[in-house]
Amino acid sequence: MGDCHRIVSETEEDENLIAAAKHLVRALGSNKNLTGNMKKILADLGSQLSTMASINDDDDKGEGISEIEEQLNVVQDKIMSWEADQSMIWDSPNKACEYLNAVDEARKLIERLDSLCFGKDKEENELVRRAHDVLQMAMARLEEEFRHMLVQNRQPFEPEHKSFRSSEEDVVDEVSIISFGDDSFEDSVQRDSVSRTSEEVIIDLVHPDVIPDLRCIVNMMFMSSYDHECSQAYVIARKDALDECLFILEMDKLSIEDVLRMEWGSLNSKIKRWVWAMKIFVRIYLASEKWLSEQIFGEFGPVDLSCFVEASKASMLQLLNFGEAVSIGPHRPEKLFGILEMYEMLVDLLPDVDALYANEVGSSVRIEYHDVLRRLGDSVRATFLDFENVIASYASTSAFAGGGIHHITRYVMNYIRNLTDYSETLALLLKDHDKEDHSSFSPLLNPAVEKENTGGSSSCDSSPMAFHFQTIASVLETKLDEKSKLYKDVSLQHFFLMNNVHYMAQKVMNSELRTIFGDKWVRKHNWKFQQHAMDYERATWCSILALLKDEGNANSTGVSKTQLKERFRNFYLAFEEVYKTQTTWLIPNVQLREDLRISTSLKVIQAYRTFESRHMNHISDKHIKYSADDLQDYLLDLFEGSPKSLHYPNRR
């Protein structure tokens, strides 16, 4: 009862004190003029109240610090016990949960200590330092566990299981080294088999089962203000993974000097692999890498993007460095197709890269990517435009054996035919190229050919690409005309031009080049090779067939049998010389060969039959060395490209 009475009395005293305080506050509020004595009393009251509050705060603070110290001792013992254990904590889910709870307790204790107003008390500062040391130790362990989980749970990356190439051979087969002496170029250049679609494929780069654990560690480290350490641990682990990916894709680290010193065969193989690997790396690996970063750091705003950029930047720049090295190399014609493949691939991947490296944090990679794309585009344009000079500067001092299709003709026509696969890209890159630039090539052109090239086709006026294709063809014709002059035999000059112009016309007519050159160009060049064929016939046979012409019969003209025998003999000698020479000449195109044989046969055999029938009664059979049928059979041996001996037929 006494205790209860004492509690009631204390309560009444508290209420009386509160009531007096309220009365004092009201009195002060209504009294605007305080005397000096009143101010002194109130100041003494305030000082007494402040002293009482300070005593109470010190008591509370002392009790709080003591409690925190006890809790810190417990937490420190727990964390130290795990430090003594060499096994990984997250190998055991129960241990991981306990450890995170202990770390969270340490973090909260620091928050409580920071909320208390410390002075310069040595013991208090020592407690704060110890608490931070415990948390730092725990953060170091979490960082180690985090990195270990990222590394040990990498998922294997097997690009050969992806659908971006048909076979290894498609990737590493080297295009034949292009030269004017290489007949194989006709079928050597093929488009890369890498498909060009915008579809991304997301794969698990880290085993999905550990993602929740990784997120828990990230959350704890970020809440503990160790976000930088956590991010760097992630970046280091993923950089290694990206390096491993490039190793699997066989993307070697090459300096610009390494690339510039490389032989063309090796460089071409590297370009093909780069085109294939670049798409896989961006569309599969980087897309999956960014998704992984979002899964782990997605709760912390832009951190996921900055981690992705920092982790992938070095690998991406390594790939782009190769593109830059290729772009600054010499503008050799054989490089054009590889550079076009590289350029088109970068254009195709441009939306993906811009999306992956968004915002300011990814700007450095985006800028470098756009710069390499521009450099490759400039290299494509320069190499293509320089091709005209390459053809024009090609020199040869010896005539092409057999009068067939010259290597330069095959090379140039197949080169531009294969360029039609890239017509959209070339049109885009050449659209700003002024047609006036063609004037620099004018001295190289046959004036008649140049006039035809610049004055004819409407497609030439509307398309810079068409203009340059026709200019290339014109430069080629000029070189062929020069080379024909290397033959001493005029008939072989026309024969050579017939073969080569026919080849050019056929290549244009039977390919996409027809839409670029136009039907007018085809008709004109069909007429040209036919004209050369007629000129060949005249140069070869006119003088020979003149031996078979009469101006009446032997009796009316007074032509003696001796003269008649001499004319037959001279005709046979001339025919045999043509046979001996022109069986070594070659017309590769079967239809053209047959057409020229028929045309020649109609003229020669008809003239011979007429001459033979007119004089059969004036000369004996022993002077008729060949019948018309014999000669016709011999004419079928012409233009095969291999020498043959003409044997006398068995006479009846």
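Does Tyr285 count as buried or exposed, and at what relative accessibility? Tyr285 counts as buried, because its relative accessibility is 4%. The model is predicted.

**Aromatic pairs**

- Across the whole structure, a search finds 33 aromatic pairs.
- One of them joins Phe281 and Tyr285 in a stacked arrangement.
- Helix α9 (residues 264-297) holds both Phe281 and Tyr285. Four residues separate them, about one turn of the helix.
- An α-helix has 3.6 residues a turn, so residues three or four places apart point the same way.
- Phe281 has 0% relative accessibility and therefore counts as buried. Tyr285, at 4%, is buried too.
- Elsewhere, ring pairs build a cluster from Trp541, Phe568, Phe571, Tyr572, Phe575, Tyr579, Tyr608, Phe611, Tyr626 and Tyr634.

**Leu127**

- Leu127 sits in helix α4 (residues 122-152).
- Its relative accessibility is 4%, so Leu127 counts as buried. The cut-off for buried is under 20%.
- Beyond its neighbours within four places in sequence, Leu127 contacts Ile65, Ile68, Glu69, Leu72 and Leu113.
- Leu72 lies 55 residues from Leu127 along the chain. The C-alpha atoms of Leu127 and Leu72 are 8.8 Å apart.

**The buried face of α14**

- Helix α14 spans residues 423-430, and Thr425, Leu426, Leu429 and Leu430 are buried in it.
- Viewed down the axis of α14, these buried residues fall within an arc of 120 degrees, so they line one face of the helix.
- The cover over the buried residues of α14 includes α11 (336-356), α12 (363-392), α13 (407-419) and α17 (464-484).

**Packing of α18 and α20**

- Two packed helices are described by the angle between their axes and the distance between the axes.
- For α18 (residues 490-509) and α20 (residues 519-545), the angle is about 160 degrees and the axes are 8 Å apart.
- Angles over 145 degrees count as roughly antiparallel. The two helices, α18 and α20, are therefore roughly antiparallel to each other.
- The crossing of α18 past α20 is left-handed.
- On the α18 side, residues making the contact include Val490, His494, Phe495, Met498, Val501, His502, Ala505 and Met509.
- On the α20 side, they include Trp521, Val522, His525, Phe529, His532, Ala533, Tyr536 and Thr540.

Key
Residues are numbered from 1 along each chain as its sequence is written. This is a predicted model: local features need pLDDT of at least 70, side-chain atom pairs count only at pLDDT 80 or more; totals for chains, interfaces and linings use all residues. Side-chain values use heavy atoms; hydrogens and water are left out. Buried means under 20% relative accessible area, exposed over 50%, partly exposed in between (1.4 Å probe, protein chains only). The arc is that of the directions from the helix axis to the C-beta atoms. Contact means heavy atoms within 4.5 Å. Rings of Phe, Tyr and Trp (its six-membered ring) pair if their centres lie within 6.5 Å; planes under 30 degrees apart count as stacked, over 60 as edge-to-face and the rest as tilted. Axes are lines fitted to C-alpha atoms, for helices over the stretch in contact, and angles run from 0 to 180 degrees between N-to-C directions. Angles under 35 degrees count as roughly parallel, over 145 as roughly antiparallel, 65 to 115 as roughly perpendicular and the rest as oblique. A crossing is left-handed if the near helix is turned anticlockwise from the far one by less than a right angle, and right-handed if clockwise.
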